Each structure stands twice: as structure tokens, then as C-alpha cells.
Amino acid sequence: MAALSPRLRRGLCVALLGLCGLTVAFLVVLLARTYSMKPAASAFGIWARKGDRRIEAAFSPQERQELKEALKGAIRLQTVSFAPDDQNTTALAEFGLYIRKVFPAVFSAPFIQHEVIEEYTHLFTVQGSDPQLQPYMLLAHIDVVPASPPGWDVDDPFSAEEYDGFIYGRGTLDNKNSVMGILQALEFLLRRNYRPRRSFYIGLGHDEEVGGQKGAVKIAAELESRGVKLSFLLDEGMFILDGVITGLKKPVAIIAVTEKGAVTADFSVTMVPGHSSAPPKRTSIGILSEALSRLEQQPLPNMFGKGPESMMFEQLAPEFSFPLNIIMANLWLFAPLVSRVLEQTPSTNALVRTTTAITMFHAGVKSNVIPPSANATVNFRIHPSQTVAEVLEIVDKTIDDKRVKIEATSAFDPLPVSPWDNQTFGPRVFHQTILDVFPDVGSVAPGICIGNTDSRHFTNLTHAIYRFNPVVFKPDDMPRFHGLNERISVENFEKQVEFLFQLIQNCDIDLSPEVHMNFHEL
């Protein structure tokens, strides 16, 4: 083999040097983006407490016992929603009497108006001393999903039994903890003679688990008729995640700035019935089963990077350990890799795409009769970057069978993404309050609520809707939602009351102006 000429050797050296230079420059860009990012905590800054007269949440032992027993009493009332027209109205009525008994200061304060809507929903108007300040709203729901004893670690899922530092019972996380936490925080403030400067509303719906049409919808309509505009609304949703996201060094608070849309659709196939001794090539069951199998085998597209989920990971990047911090800080390069990893598990797959859940299937009348029809119900939870119409179009193309009739029985688009920057009142207040109450939290970031809440009915009152339950959430808590052994630790509930106690006060503090920084620019 002939030796390389001097000119060719020089050319190769130049090319290799250039390649090395590009590699070094590339690495410098990756590392610079990674280590120049500030944690989301420091990005918001801390406002000046002008004329701060804040009351510290130094709850006495008697008050701590009181708040615990108040929650237990609420859990024992079986305010179950089975369907929109099938609720335990006796328990709902008892709940109204119960909160009057437990929170006397709330119901007797001259500047608090209490109204009952549709018999069981409660609306409180807390009149602040400064009418120039725009009001806000705290939202929660009284009703719970059904629960039966088999599989629980306690004898009765409505016993509110305390065991090993936890209160067990349906509603301890979804969502009587918020109902009681809001009212308990306000009760404690009133006992300390606190009068808020900023007005606010408390909405306690009684049918969130079955759509909220009689509760939240009616509250929203009533407030809209009065011309109310809110600075922000805070409802249930995400949590303080501790050990839930792999690679994070500290707990992180995720506040949902949107929630997924939903479509519930009926799929049906109709055929002429006959005797099973002379069956057609495909029965209605077979046709529909094949169609549903295609839906499961061909999921809707991965939409990572087209919604706020990418903003969440970018803002959390400084909290990740090496090398995940480099990957999350450079999603412009690694987004395809991250999206593939996220879609491997059900909980994170729900963040990156519209999900498909086949929830009901009905067919057949007799063992020797060709079924005249087959019917199935499928629930889709829509990614924020898609719409109902887009999802139904993709589903129709995926099935590609005119024998299968598709009919949407209920549907709504994803909620708009709420503002998230350090000039927006709500996020600044949440961030400061989280730092006040949970100093171990490493970062506060926006996220997606994969379930649906009552907050979706209030878009005419504010564009700033947030979903956050100030409770530390660990990996084994996920299956407890609507499942077995729902529970909250006594410490967690005390912290939730403290958070709301401070939040109400922080909403009254003047905010010092800050240099604008939108997190999309990080």
C-alpha cells in the first residue's frame, strides 16, 4: 500500500483537528447549558415582605389533635358518588352539618358569606379589607369514589383508622384532605384575629367524581353572573414528589398548569343473528375485538416536546444527578431518547401521549347464537397538544373498518396552559409558600395533570388555573388513588394545613417588581 503523500497527511490532520474542535465545542455547549441553569427555586426569587404581619403557623398540641380528629370525622361520612344521579345524599347533607360544627369561626365571621348550591355544594366568599386587590379561589371536592373492605389493611375504608402514623380511609388523598385543610387553615387564622386583605372564594363541590355538573359548574356560573374575575384558582392535582422521578436528588413540587382532555367513545358492530352451527367468517365479537386490538397495538403518537412536560424536565434538570442532568438540560438533542424512555411505564407514558383505555365490552346472548351486536367503551385522555377532533380522526384511521361504528358520548379538549413565569401572581405565591413550609424541596416546576378536576369548569373566570395538592407523595402512593389503602400521614396533613395557613397570608403580601424571566427562555 502506497504511503500517504505529505499533502494528504496534512489534510487528514486538519480534518481531525477540525473534528476534535467541533467535538470540544459540542461538549462545551452541552455542559454550559447544563451547569448554567438555575434551579427553578432560585429563578422565582423571594419577594420583599412589605409591612409583613404574618402569623407563624405554630400550632399547639391541642390544635394538632383537633385538625387530625376533624379530618377523621370527615372521612367517616361516606359521601360516595356512584353516578351523576346516584350519590349518597344523606352523607352529603350530614357533611354540611359537620363542617358547621367543626369550624365555628368560619361560619360566624361577619366578613365570610356562606352559600349552599344545589343542596350539597358549598361556596364561601371571604371579603378582604382591600377591595382593590383581585380575588382568588381555592377549590376542593367533598365526594369520593366507592370503596369496599376486601384488600384494605384496615377493616373499614371509612373508619379513618390511625395506624403507624397514617390515617386510612377513602378521601384522605382525594380530596377531603383539601376540603378540611382549607377550612381548618382559615379557622386557625380567624382564631388569631386575622382579617385577609385580599378577598377569596372557597368552592367545595359535591360531585367532582361524576363530572361536577351540579357542583363546580353551578359555582362557576354563579360567580360569572356576578362578574367575578379571579387572579388565580388552585385545585387538587399534582404533589410534592419524593423518590417518584428517578435520578432526582431532592423532593420536587410539581404544579400542573394544564390537564388532559378526554373522550369517552362507544364502539359497536351490528350483524344479523344466526345459529352458531353455521357461523360467518367474522362475528360481531371478532370484528370489534380486532378493531380494539389495533387501537392497543398502535397507540396514538408520542407528543413529547409539544406540551408542558418538556418544560417540567428542563426546569428540573439542575436537580438530576449526573448524567441525567446533562440529558434533561439538553432536550433539544436528547428529546427522542427521553420520550422513548418515558413511554415504557404507564404513569410516564400518560405524560407524553393521548392514552387509550378499553374499559367495557358487552356482547353475546347465548352460547349457540351468533351475537347480533358487540359494544365496547373506550376512554381516551388527550395530550395538551391535541384536540378531540384530531384524536377521533386518528382512531378512525387506525381501525379502518367501516363495520365498526364510533360514537363519542362525552368529550372535551385539554385545558389551556396557564402562565408560568415570575411575573405571574399565582406561581410566585405558590413558590414562596412551598419554600416557607417545605424547605427540603429542591425545585418547583410546572407539569400536566393526567386526570381531570373541577377546575376545568372555571376557564371563563381566569386563565390562571393551577392544580397542586401540598402533600409529599412517594412511589407507593400512586396505586392508592381510587384504589386500596388510601391514606395520608398525620404529618402530611399538618403540613397541608400549614401550607394553606401561609398561602392565605402570602396572598396578602405586596410583591416587589422583578426582572421578567419566562422559563421557556432558560
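Predicted model: local features only at pLDDT ≥ 70, side-chain atom pairs only at ≥ 80, totals over all residues.
Helix α3, spanning residues 61-76, packs against helix α4, residues 89-102, at an angle of about 170°, and the two axes lie 10 Å apart. Since angles over 145 degrees count as roughly antiparallel, α3 and α4 are therefore roughly antiparallel to each other. The contact is formed by Glu69, Ala70, Gly73 and Ala74 of α3, which meet Phe95, Tyr98 and Val102 of α4. By class, the residues of this contact comprise five nonpolar, one polar and one charged.

In the second pair, helix α14 (residues 425-437) and helix α15 (residues 490-506) have axes 9 Å apart and pack at an angle of about 135°. The two helices are therefore oblique to each other. The crossing of α14 past α15 is right-handed. On the α14 side, the contact involves Val429, Phe430, Gln432, Thr433, Ile434, Asp436 and Val437, while α15 contributes Lys495, Glu498, Phe499, Gln502, Leu503 and Asn506. Six nonpolar, four polar and three charged residues make up this contact.

Helix α15 also takes part in the lining of the second largest pocket, where β18 (465-473), β19 (487-489) and α15 each supply at least two residues. The volume of this pocket is about 410 Å³. Its lining consists of 21 residues, and those nearest the centre of the pocket are Val472, Lys474, Ser489, Glu491 and Asn492. In terms of class, 11 of the lining residues are nonpolar, two are polar and eight are charged.

Empty space within the protein was considered next. Rolling a probe the size of a water molecule over the atoms shows where empty space is left. Two cavities of 30 Å³ or more were counted in the model. The largest cavity has a volume of about 80 Å³. At least two lining residues come from each of β5 (136-141), α6 (176-191), β9 (233-241), β18 and α15. Strand β9 gives the most to this lining, with three residues.

Technical notes:
Residues numbered from 1 in each chain as written. Heavy atoms only, no water. Axes fitted to C-alpha atoms, helices over the stretch in contact; angles between N-to-C directions. Helix = DSSP H or I, 4+ residues; strand = E, 2+ residues; numbered from the N terminus. Parallel < 35°, antiparallel > 145°, perpendicular 65-115°, else oblique. Left-handed = near helix turned anticlockwise from the far one by under 90°. Contact = heavy atoms within 4.5 Å. Nonpolar A, V, L, I, M, F, W, Y, C, P; charged D, E, K, R; others polar. 1 Å grid on protein atoms, 1.4 Å probe; cavity = no way out; pocket = protein on both sides within 12 Å on 5 of 7 lines; lining within 4 Å. Points joined across faces, edges and corners; volume = space filled by probe spheres on them.
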